[in-house]
Amino acid sequence: MDVTIKKVKFTTINKSYTEKVRDWQGRHCFATQYPNPDGKRIFLTYYFVKKGYTISKVFHRSGEFLYYYCDVMEMRQVGRLRYVMVDLLLDLLVYPDGRYHLIDVDEFATAIEKGQLKRRQQVHSLRTLDKMIRLQTKRAFIPKYLHEARMFPLPDSPNRK
């Protein structure tokens, strides 16, 4: 089963793509897996449509778990297995030991200065991030099934010369 996602990020991205669904936790939570453009990291991304964020379990290409990359998003379903996702720029890295680090606050501030984020998006971003941090402080943010998730095998790539 495939899902089609239109992703908008004010600073760099406005694209649509189709991905294979790798895990299905209900209509409002599903996962896809894709390589980062650097080719070294693989993202197993869970889309929490109603909660307004994604959690990517990031692996080294070898399959070793590295960290979780969590994006604050504005998401809506626009058809059967079709979603529009607006990246609201604030991101949270969560490390295997439970520590976390907030990133891209500068991008968020710049988007506000440029008028790229509506007031409701700003409020949604800050409230969602607050929920994410409060849950992570209690070690309740990353669901058990995501802790246990493994990277799906990568397709064999042709020999490069």
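Predicted model: local features only at pLDDT ≥ 70, side-chain atom pairs only at ≥ 80, totals over all residues.

**Strand pairing**

I began with β6 and β7, which pair in the antiparallel sense over 10 bridges. Strands here are DSSP runs of E, at least two residues, numbered from the N terminus, and two strands pair if DSSP finds at least two bridges between them. I looked up M73 and found D87 in β7 as its bridge partner. In the hairpin of β6 and β7, two residues lie between the strands, and L81 takes a positive phi near 55°.

Residues are numbered from 1 along each chain as its sequence is written, and side-chain values use heavy atoms, with hydrogens and water left out.

Next I checked β5 (residues 53-60) against β6 (residues 65-79): they pair in the antiparallel sense over seven bridges. I55 stands opposite C70 in β6. The hairpin of β5 and β6 has four residues between the strands, and G63 there takes a positive phi near 105°.

Then I turned to β1. Which way does it run relative to β7? The two run parallel, joined by six bridges, with β7 spanning residues 82-94. I noted V86 in β7 as the bridge partner of V8. Strand β1 (residues 2-9) is mostly covered, six of its eight residues being buried (under 20% relative accessible area; exposed is over 50%, partly exposed in between, with a 1.4 Å probe and protein chains only).

**Charged pairs**

How many salt bridges does a search of the whole structure find? I got five, counting a side-chain nitrogen of Lys or Arg within 4 Å of a carboxyl oxygen of Asp or Glu.

D97 counts as partly exposed at 40% relative accessibility.

D130 and R134 also form a salt bridge, closest N and O atoms 2.8 Å apart. They sit four residues apart in helix α2 (residues 119-137), so about one helical turn separates them; helices are DSSP runs of H or I, at least four residues. D130 is partly exposed at 37%, and R134 is partly exposed at 46%.

K144 pairs with E148 in a salt bridge, with 3.8 Å between the closest N and O atoms. These two are four residues apart in helix α3 (residues 144-148), so they too are separated by about one helical turn. I have K144 down as exposed at 62% and E148 as partly exposed at 46%.
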